[in-house]
Amino acid sequence: MGVTGPIRVVVAKPGLDGHDRGAKVIARALRDAGMEVIYTGLHQTPEQIVDTAIQEDADAIGLSILSGAHMTLFAKVIELLREREAEDIKVFGGGIIPEADIPLLKEQGVAEIFTPGATTVSIVEWVRENVRPVAA
């Protein structure tokens, strides 16, 4: 039942946040590391993001949120994945997210949060080790 081929990641900018430089940097780093990346562009709804992830047979969704709406937007994406029986798609993200909110996001089902200062190398390594880990 093993999945073959490169890891597929949807990188998305949900909500009204119009700053996408960080998302583009992450998308490029993942692509340079051999992953297939689908960048959705700005102002995506959680429904659009989940639809894209399912249609593209993604292994993960990476959300970039700088707007302060992280608690609502992450929760909605997780909820929609559950409703669509697609919980196997891991959700991770980053942006301007207060440290106090990170445990709450993880309780909701977000696999990992990267805050400002996280390196592209650490994000790529995390995705490789956690999104589709190699069986021992």
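Where is Val50 found? Val50 sits in helix 2, where helices (H or I, at least four residues) and strands (E, at least two) are DSSP runs numbered from the N terminus.

Before going on, the basis. This is a predicted model, in which local features need pLDDT of at least 70, side-chain atom pairs count only at pLDDT 80 or more, and totals for chains, interfaces and linings use all residues. Residues are numbered from 1 along each chain as its sequence is written, and side-chain values use heavy atoms, with hydrogens and water left out.

Back to Val50. Its relative accessible area is 1%, so Val50 is buried (under 20% relative accessible area; exposed is over 50%, partly exposed in between, with a 1.4 Å probe and protein chains only). Leaving aside residues up to four places away in sequence, Val50 touches Val77, Leu80, Leu81 and Arg84, contact meaning heavy atoms within 4.5 Å. Val10 is 40 residues from Val50 in sequence, yet their C-alpha atoms are 9.1 Å apart.

Now the helix pair. Helix 2 and helix 3 pack at about 45°, with axes 9 Å apart; axes are lines fitted to C-alpha atoms, for helices over the stretch in contact, and angles run from 0 to 180 degrees between N-to-C directions. The two helices are therefore oblique to each other (under 35 degrees is roughly parallel, over 145 roughly antiparallel, 65 to 115 roughly perpendicular, the rest oblique). Pro46, Glu47 and Val50 of helix 2 meet Leu73, Lys76, Val77, Leu80 and Leu81 of helix 3. By class, that contact has six nonpolar, no polar and two charged residues. Here Ala, Val, Leu, Ile, Met, Phe, Trp, Tyr, Cys and Pro count as nonpolar, Asp, Glu, Lys and Arg as charged, and the others, Gly among them, as polar.

Next, the core. A nonpolar core is a set of buried Ala, Val, Leu, Ile, Met, Phe, Trp, Tyr and Cys residues joined through side-chain atoms within 4.5 Å. The largest has 24 residues, and Ile61, Leu63, Phe74, Leu81 and Val91 have the most contacts inside it. Helix 3 gives the most to this core, with six residues. Apart from it lies another core, of 18 residues, including Leu30 and Val124.

Helix 1 (residues 21-32) and helix 5 (residues 120-130) pack at about 55°, with axes 10 Å apart. These helices are therefore also oblique to each other. Val25, Ile26, Ala29 and Leu30 of helix 1 meet Thr120, Ile123, Val124 and Val127 of helix 5. That contact has seven nonpolar residues, one polar and no charged.
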